[in-house]
Amino acid sequence: GEVCNMINKKYNEFLPSMQSAEDLVLQVDGLSSNIDLLKAGIENEVQRDLNVAVAEFTELKQQLERDTLVLSILKKLQEFDTAIKEYNTALLEKKYVAAAQQLEKARSSLKMLESRKGFELKILKALGTELTVQTQNILYHLGEEWQKLAVWKLPSSKESSSLESAMHSELHLRIVPSKEEDIAGPPVASVLQAFAVLGELHTKLKIFGQLLLKYILKPLISYPSLQPFTEEQSDVFILRFKSEEPNLDHSSPMEVFDKMKLIFEVLHKYLLNVPLEQPAEDKKESRVTLAELLGDMIWEELSDCLIQNCLVNSIPTNSSKLEQYIEVIKSTEEFEKALKKMRFLKGDTTDLLKYARNVNAHFANKKCQDVIVAARNLMTSEIHNTVKISPDSSVALPRLPDPGAGDHLKMQKTPKLLHNDMVNLENETKLSQYTFSLPTCRISSSVEQLMELAYQTLLEATASTDQCCIQLFYSVRNIFQLFYDVVPTYHKENLQKLPQLAAIHHNNCMYIAHHLLTLGHQFRYRLTNILCDGAATFVDLVPGFRRLGMECFLAQMRVQKGEILERLSSARNFSNMDDEENYCAANKAIRQVLHQLKRLGKVWQDVLPVNVYCKAMGTLLNTALSEIVTRIAALEDISAEDADRLYSLCRTMVEEGPQVFTPLPEDDKNKKYQEEVPVYVQKWMTFKELMIILQANLQEIVDQWADGKGPLAAEFSAAEVKSLIRALFQNTERRAAALAKIK
C-alpha cells in the first residue's frame with residue numbers, strides 16, 4: 001500500500017514532464033517532413049546549380065545533423081516511456097518476467113541517452129530516479145512471492161548445530177494449483193526467471209543453498225538417526241525430520257545417498273526444474289536450469305562433507321570386508337547418475353566417486369593410520385601393568401577372518417601355513433628347543449598387545465593386495481621405530497626414578513628383540529614375493545632393542561651403586577670403631593645398604609629373569625663388599641676392640657647379604673640362589689678372608705698365606721696383607737718375622 005502510494009506520488013510529479021514529452025513527439029512528426037523537404041532541396045539545388053555558395057551548403061548540412069540527433073534522442077525517450085508503461089501493466093497482472101524484461105529495455109534506452117556526449121538533458125536525472133524506484137518496486141514484489149514459495153521454519157539460533165536443532169527445521173514449498181498454471185507458467189518459474197532477468201537470482205539462490213546445506217543436507221550426513229519425511233497438503237509440500245534409533249554410529253553411504261536423493265527429488269519437482277530464461281525458438285536443448293545453478297553452488301561443499309563424514313567411515317578396516325565395498329562404489333555411481341539426471345550435476349566422475357573407487361589406497365592408509373594410533377596409545381600407557389611370560393608362551397594370534405566367497409584360493413592357504421610355520425619354527429630349522437625361548441619374566445601388558453598388533457597387521461598384510469601389503473609391512477616396521485623413539489622419552493623420568501619400571505622396560509625391549517628375530521620369517525611366504533631381495537625382515541632392528549633395554553637397566557644400576565657408596569661414605573671410614581659414635585655410624589650405614597638391597601630384591605622379584613636378577617643383585621652386593629674391604633684395608637691402626645667390632649659388622653653383611661636374593665615369590669625356591677651367592681659376588685671370598693684376618697693371630701695369617709699359595713694369597717696382594725698386619729699388631733720381633741714370610 002504505502003509503497004504504491006509513494007510510487008504514485010512520484011509518478012504524478014513525473015506526468016507533466018511526460019506530457020511535454022508527448023508534445024515533443026507531435027513536433028517530431030512535423031520535423032520529419034521538414035527534413036524530407038530539406039533533403040530534396042539540397043539534392044535539387046545542388047544538381048540544378050553547382051555554383052551555389054559553399055557556405056550555404058555547409059550551414060544546411062550542419063542543420064541536418066543537428067535535427068537527426070534530436071530526432072534519435074526523442075525516439076529513445078519515446079522507447080523509455082513505452083517500456084515503463086508496459087512494465088506497469090505487466091506488474092499489475094503479475095506477469096513478472098515480462099515486467100522485468102520491459103524494465104531492462106527501459107534501462108538500455110536510458111544507457112543510450114546517457115552515452116550521448118555534449119547533450120545533457122535535465123530529464124535524464126529524473127528518468128534515472130524513476131528506473132531505480134521501479135526496480136526496487138519489482139524486486140520487493142518478487143521477494144514477497146519467493147518467500148511464499150519456499151518457507152523455512154528454523155530453530156532459534158541458540159541450538160546451533162545439534163541433532164535437536166535439526167529436528168526443528170522444516171522447509172515448506174508451495175504447490176501450484178494446476179488451473180493457474182496455464183496463465184503465466186508456474187509462478188515458481190516466473191518469479192525465478194524474473195530474478196534472473198534482473199540479475200538478482202544468484203544472490204537469492206546462494207542464501208537458499210547455504211540454508212539447505214546447514215539445516216537439511218549436512219545434518220542428514222552427520223546424524224544417522226535423522227530420517228527425512230514429507231507431507232503433501234492441498235497447497236503446500238512439507239519437508240521435515242523424524243529421529244529413529246540408529247543401529248550404528250555412522251550411517252552407511254547407501255542410507256545417506258538415499259536420504260540425499262529424496263531431498264533433491266523434492267526440490268527438483270517443486271522448485272528447481274526451471275530453465276533460467278524463457279524458451280528461445282531455435283535452441284531448445286541448451287537451457288541452463290536452476291538445479292544446475294544451485295548444484296554449482298553447493299556441490300563442492302556437499303561432496304567434501306560426504307567424503308569426510310560418510311565415505312571415510314565406511315572404508316573397511318580389514319581386508320575381508322573389501323569385497324563388500326563394491327556395493328558402496330555402485331551406490332555412489334547411482335547417486336551421481338540420479339543427480340545428473342535432475343541436472344544438479346554436470347560433468348563426469350566427481351571427487352566423490354573418485355574417492356569411493358580408490359578404496360584400496362584408502363583402506364591401506366586407514367589401516368596404517370589405525371595401526372600407528374593404536375601402537376602409540378599402547379606405548380604411552382602405563383608400563384607397570386604387567387603380564388608374566390614363560391618360554392612356552394607364544395603370541396595369541398587371531399584366526400584370519402574367513403575369506404569371502406569371492407576370494408582367491410591362495411588366500412585360504414596362507415593362514416594355515418602361517419599357523420603351522422609359527423608353531424614348528426624350531427623343528428623346521430633344527431635348532432635347540434631353547435634357541436628362541438624367552439626366560440620367564442614380566443613384561444608390560446601393553447607391549448604384549450603391541451606384539452599382537454604387529455602379528456595381526458602382518459597377517460592382514462599377507463591377505464591384502466600387493467600395494468596394501470607393502471604399506472602394512474612398513475607400518476609394522478614403523479611401530480617398532482616409534483617404540484624406540486617414543487618410550488624412552490615419554491617415560492624418561494619414571495625409568496630413571498623407579499627401579500622396577502627400568503627392569504620391566506628392560507624385559508620389554510628383550511621381548512621385542514626376541515620376537516623381531518623370527519617375525520619376518522613367519523610371513524616370508526607372502527612377503528618376500530612382493531618386497532624385493534627378501535627384505536621382509538626385522539632382524540636389523542634387534543641389536544637396537546637389546547641396546548635400548550640394556551642401557552636403561554645399566555643406568556638404573558649406576559643409580560643404585562651410587563646410593564650404596566653414598567650410604568657407606570657415612571661410615572667414617574670404619575676407623576676408631578672403639579668410639580661408640582663411630583661404631584653407631586658404621587653400623588647404621590651397613591643396615592641402610594642391606595635395607596636398600598632387600599627393597600630392590602623385592603621390586604625386581606618375579607619381574608626380572610632369574611639369571612639377570614642374580615647378576616644384578618650380585619653386582620650391587622659386590623659393590624658394597626668391595627667398598628668395605630677397600631676402606632678396612634686402608635686403615636693404619638686397628639686396636640683389638642676395633643677388630644672385634646669390624647668383624648661383627650662384616651658378619652652382618654655375610655649373614656644377611658645372601659638373604660636379599662629373592663628372585664622368586666616362593667621362598668623355599670630361593671634357598672638355591674642364596675647358596676650360590678659366591679658365584680654372583682666377585683669379592684665374596686675376599687671379604688671372607690678379610691674376616692679371617694680380623695680374628696687371626698700372626699701364625700694363622702702366615703699359614704693362610706702359605707708362601708703365596710694359600711687362600712689368602714688368592715684374594716690379597718703381599719703389600720695389602722703386610723699393611724693389615726702392621727695395623728693389627730704392634731711392632732715386635734714376631735711381627736717382623738711374620739712380615740718377612742709374606743712376599
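Contact, in this talk, means heavy atoms within 4.5 Å. One caution: this is a predicted model, where local features need pLDDT of at least 70, side-chain atom pairs count only at pLDDT 80 or more, and totals for chains, interfaces and linings use all residues. Residues are numbered from 1 along each chain as its sequence is written, and side-chain values use heavy atoms, with hydrogens and water left out.

Start with Thr-686. Thr-686 sits in helix α27, residues 684-695. Helices here are DSSP runs (H or I, at least four residues), numbered from the N terminus. Is Thr-686 buried or exposed? Buried, with a relative accessible area of 5%. The cut-offs: buried is under 20% relative accessible area, exposed is over 50%, partly exposed is in between, using a 1.4 Å probe and protein chains only. What does Thr-686 touch, leaving aside neighbours within four places in sequence? Val-629, Glu-715 and Phe-716.

Next, a helix pair. Helix α28 (residues 698-705) packs with helix α30 (residues 718-728) at about 175°, and the axes are 12 Å apart. Axes are lines fitted to C-alpha atoms, for helices over the stretch in contact, and angles run from 0 to 180 degrees between N-to-C directions. That angle makes α28 roughly antiparallel to α30; the cut-off is over 145 degrees. From α28 come Leu-698, Ile-701 and Trp-705; from α30 come Ala-718, Val-721 and Ile-725.

Now the rings. The structure holds 12 aromatic pairs. Rings of Phe, Tyr and Trp (its six-membered ring) pair if their centres lie within 6.5 Å; planes under 30 degrees apart are stacked, over 60 edge-to-face, the rest tilted. Take Phe-257 and Phe-335. Their centres are 4.6 Å apart and their planes at 10°, so this pair is stacked. Phe-257 is in α9 and Phe-335 in α11, 78 residues apart. Phe-257 is buried at 1% relative accessibility, and Phe-335 is buried at 0%.

Compare Phe-473 and Phe-538. Centres 5.3 Å apart, planes at 55°, so that pair is tilted. Phe-473 belongs to α17, while Phe-538 is in the loop between α20 and α21, 65 residues apart. Both are buried. Ring pairs also join them with Tyr-474, Phe-480, Phe-483, Tyr-484 and Phe-545 into a cluster.

Last, charges over rings. The test is NZ of Lys or CZ of Arg within 6 Å of the ring centre and within 35 degrees of the ring normal. Lys-242 lies over the face of Phe-229, 4.6 Å from the ring centre. Arg-645 lies over the face of Tyr-583, at 4.5 Å.

Note on methods: Helices (H or I, at least four residues) and strands (E, at least two) are DSSP runs, numbered from the N terminus. Angles under 35 degrees count as roughly parallel, over 145 as roughly antiparallel, 65 to 115 as roughly perpendicular and the rest as oblique.
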